[in-house]
Amino acid sequence: MQTPLLAAGPKSSIWSSPRDMIFASLSKFRIFPRKSSSGGPDVTTPSSASSASSSSQQQMKKSPNSAGENTSKSEMKTTFDDEIDMKYRLFKQFDAVQDDSDHHYKFSKIKWLFPLQPTKDWVRWIQHEWKILENDLPETIYVRTYEDRMDILRAVIVGPAGTPYHDGLFFFDIFFPPTYPQKPPEVYYRSGGLRINPNLYDCGKVCLSLLNTWSGKDWEKWIPYKSSMLQVLVSIQALVLNAKPFFNEPAHAEIKITPDVERRSLIYNQRVFVLSCKTMLYLVRHPPKHFEDFVAGHFRKHGDTILKACHAYMNGVQVGCTISQGINEVVEDSKNFSLTFRTSLKLLSKDLLKEFTGKGADSSEFLALDEVK
């Protein structure tokens, strides 16, 4: 299959090709916002909401009395909250963006690995990956490709329910080397300096058999032209961000399960949840580029559940149980819950409450508790 990128001729490169070449290639997979019949943006895009918001705020300024000013402030907050929610709902699971300035592989070695242009096989396979991701992504994984860089993408995985990672967001930067798909992609975890899992290092390294960064049986490793980027993302979500990450540690994988080992696993989950909360706090304050609307909307929607989990865990509920379905897993042995865990979670929950409330989360229940204290 011939592509616009290759049509540029032998002297072109992935760096010198005009952006519209990549745009044309990406457009085949329908990943750009729809246009209205008039040629402008679709009426459902955030720009319409911005205009409505500006108009609404101008009307608010006309209110001269203090009661009117209070009403205006309330209306402005409602408008702000609605805008966050709207942008979150419109956030596409798979889309193309331009600015790669905060991407880990911005200065990747591809500049000299591709001195002229990528091979036809490489381009064809990257486009094949795009199509799979566009059509088959699970609801809890979101991806952004880059118009000027076919060799990189960014993904965010929502932490699975029933694990110490629930409701958290975990970002990964991906690089497709020129040997792809003979060799697996390179994956970097945006850790913020925190090691939340034996397979996810604080330096960003991701240990996974599928990436050939960890040992495993042949069928667990990368298989050229059969393994896919989607498979990598789903494997991280299911196999790495699991309910008992303590056993991801090689030394613990074959360990005999005893009450003491289970206790150590529970304590490890507490530590992981604290680190996950720190990650949430960092992300809500410093969201990665092109995911600002998603991060704000996600924590606006799930902030109440996260805060309920914090309070439940501080009161003896086992970390990772599904809070939204009722709390029924209280750990009887209070020694499993250290003072350090409760203290850390108490401090973090206050900071999270402030940030989630700022994004419009329904935190009235916890604000009242905070005021009483």
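The following exercises, with worked solutions, concern a predicted model of a protein chain.

Residues are numbered from 1 along each chain as its sequence is written, and side-chain values use heavy atoms, with hydrogens and water left out. Because the model is predicted, local features need pLDDT of at least 70 and side-chain atom pairs count only at pLDDT 80 or more, while totals for chains, interfaces and linings use all residues.

**Exercise 1. The chain as a whole**

Task: State how many helices and strands the secondary structure of the chain comes to, and what percentage of the residues is buried.

Solution. 
Step 1. Helices (H or I, at least four residues) and strands (E, at least two) are DSSP runs, numbered from the N terminus. The chain has eleven helices and five strands.
Step 2. A residue is buried under 20% relative accessible area, exposed over 50%, and partly exposed in between (1.4 Å probe, protein chains only). Of the 373 residues in the chain, 48% are buried.
Step 3. A contact means heavy atoms within 4.5 Å. Among contacts with a separation of 6 or more, 67% are between residues 24 or more positions apart.

**Exercise 2. Helices α5 and α6**

Task: Describe how helix α5 packs against α6, and find which residues make the contact.

Solution. 
Step 1. Helix α5 comprises residues 120-136. The expected span of a helix is 1.5 Å times one less than its number of residues. For the 17 residues of α5 this gives 24 Å, and the end C-alpha atoms are 24 Å apart, so the two values agree.
Step 2. Helix α6 has twelve residues and reaches 16 Å from its first C-alpha to its last, close to the expected 16 Å.
Step 3. Axes are lines fitted to C-alpha atoms, for helices over the stretch in contact, and angles run from 0 to 180 degrees between N-to-C directions. The axes of α5 and α6 are 8 Å apart and meet at an angle of about 45 degrees.
Step 4. Angles under 35 degrees count as roughly parallel, over 145 as roughly antiparallel, 65 to 115 as roughly perpendicular and the rest as oblique. Helix α5 is therefore oblique to α6.
Step 5. Glu129, Ile132, Leu133 and Asp136 of α5 make the contact with Met229, Leu230 and Leu233 of α6.
Step 6. Ala, Val, Leu, Ile, Met, Phe, Trp, Tyr, Cys and Pro count as nonpolar, Asp, Glu, Lys and Arg as charged, and the others, Gly among them, as polar. The residues of the contact divide into five nonpolar, no polar and two charged.
Step 7. The buried residues of α5 include Glu129, Ile132 and Leu133. Those of α6 include Met229, Leu230 and Leu233, and the buried residues of α6 pack against α5, β2 (141-146), β3 (149-158), β4 (169-175) and β5 (186-189).

**Exercise 3. Backbone features in the loops**

Task: Locate the cis peptide bond and give the phi values of asparagine 212 and tyrosine 225.

Solution. 
Step 1. Most residues other than glycine have a negative phi, and most peptide bonds are trans.
Step 2. Tyrosine 180 and proline 181 are joined by a cis peptide bond, with omega about 5 degrees. Proline 181 belongs to the loop between β4 and β5.
Step 3. Asparagine 212 has a positive phi near 60 degrees, and tyrosine 225 has one of about 70 degrees.
Step 4. The loop between β5 and α6 holds asparagine 212 and also tyrosine 225. Asparagine 212 is partly exposed at 41% relative accessibility, as is tyrosine 225 at 34%.
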